[in-house]
Amino acid sequence: MKTCLVVDDSRVIRKVARRILEDIGFEIAEASDGMEALAWCRAAMPDAILLDWNMPVMNGIEFLRHLRQEPGGDKPTVVFCTVEADVAHIHEALDAGADEYIMKPFDGDIIASKLAEVGLA
């Protein structure tokens with residue numbers, strides 16, 4: 001079974017994402033900030049990461065830059081999932097190593113189609 005780490009400081013967003021991802025066949029782990037997510041990845045690198053931008057402790061872009069330097073950190077497909085809609089943010093995320101970018105609010109169809117585009121669903 002494929003694994004996905006959902007990284008968001010909102011418990012509600014994590015719960016919604018968990019339900020969507022479990023419905024399309026993923027095993028889910030959750031983290032509330034980038035530091036916690038990095039610890040998860042060091043213990044067991046997921047197949048995919050659904051990543052929020054604005055979080056306390058370590059934000060999404062800082063996490064992504066650290067992740068891509070970890071052993072095996074080039075492997076997970078990272079989908080930014082955020083309210084940051086301007087082109088500069090999107091370019092920054094892609095330049096840092098994100099594979100895809102979706103806007104909040106999202107639904108099951110949006111997540112499934114993005115994961116299908118990168119070969120995970």
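The model is predicted: local features need pLDDT of at least 70, side-chain atom pairs count only at pLDDT 80 or more, and totals for chains, interfaces and linings use all residues. Residues are numbered from 1 along each chain as its sequence is written, and side-chain values use heavy atoms, with hydrogens and water left out. The chain has five helices and five strands. Their order along the sequence is β-α-β-α-β-α-β-α-β-α. The radius of gyration is 13 Å, close to the 14 Å that the globule rule gives for 121 residues, so the chain is as compact as a globular protein of that length.

**Terms for the fold**
- Helices (H or I, at least four residues) and strands (E, at least two) are DSSP runs, numbered from the N terminus.
- The radius of gyration is taken over C-alpha atoms, and the globule rule is 2.2 Å times the number of residues to the power 0.38.

**Whole chain**
- The C-alpha trace spans about 35 × 30 × 25 Å along its principal axes.
- Of the 121 residues, 45% are buried; buried means under 20% relative accessible area, exposed over 50%, and partly exposed in between (1.4 Å probe, protein chains only).
- Contact means heavy atoms within 4.5 Å. Among contacts between residues at least 6 apart in sequence, 58% join residues at least 24 apart.
- The accessible surface comes to about 6000 Å² (Shrake-Rupley method, 1.4 Å probe). Carbon and sulfur atoms account for 52% of that surface.
- The chain carries 12 positive and 22 negative charges, and their mean positions are 4 Å apart. Lys and Arg count as positive, Asp and Glu as negative; His and the chain ends are not counted. Each charge is placed at NZ of Lys, CZ of Arg, CG of Asp or CD of Glu.

**Helix α3**
- Helix α3 covers residues 60–67, and Gly60, Ile61, Phe63, Leu64 and Leu67 are buried there.
- These residues cover an arc of only 160° around the axis, which puts them on the same side of α3. The arc is that of the directions from the helix axis to the C-beta atoms.
- The buried residues of α3 pack against α2 (34–43), β3 (48–51), β4 (77–82) and α4 (87–96).

**Helix α5**
- Ile111, Lys114 and Leu115 are the buried residues of α5.
- They cover an arc of only 95° around the axis, which puts them on the same side of α5.
- An α-helix has 3.6 residues a turn, so residues three or four places apart point the same way.
- Their cover includes α1 (11–23), β2 (26–31), β3, β4 and β5.
- Asp109 and Glu117 are exposed, on the face of α5 turned away from its buried side.
- Lys114 has a relative accessible area of 19% and is buried. Leaving out residues up to four places away in sequence, Lys114 touches Glu100, Tyr101 and Ile102.

**Loop residues**
- Lys104 and Pro105 are joined by a cis peptide bond, with omega about 0°. Pro105 sits in the loop between β5 (100–103) and α5 (108–117).
- Val57 is not a glycine, yet has a positive phi of about 70°. Val57 lies in the loop between β3 and α3. With a relative accessible area of 64%, Val57 is exposed.
- Pro71 lies in the loop between α3 and β4. Pro71 is exposed, at 72% relative accessibility. Pro71 and Arg42 are 29 residues apart in sequence, with their C-alpha atoms 8.3 Å apart in space.
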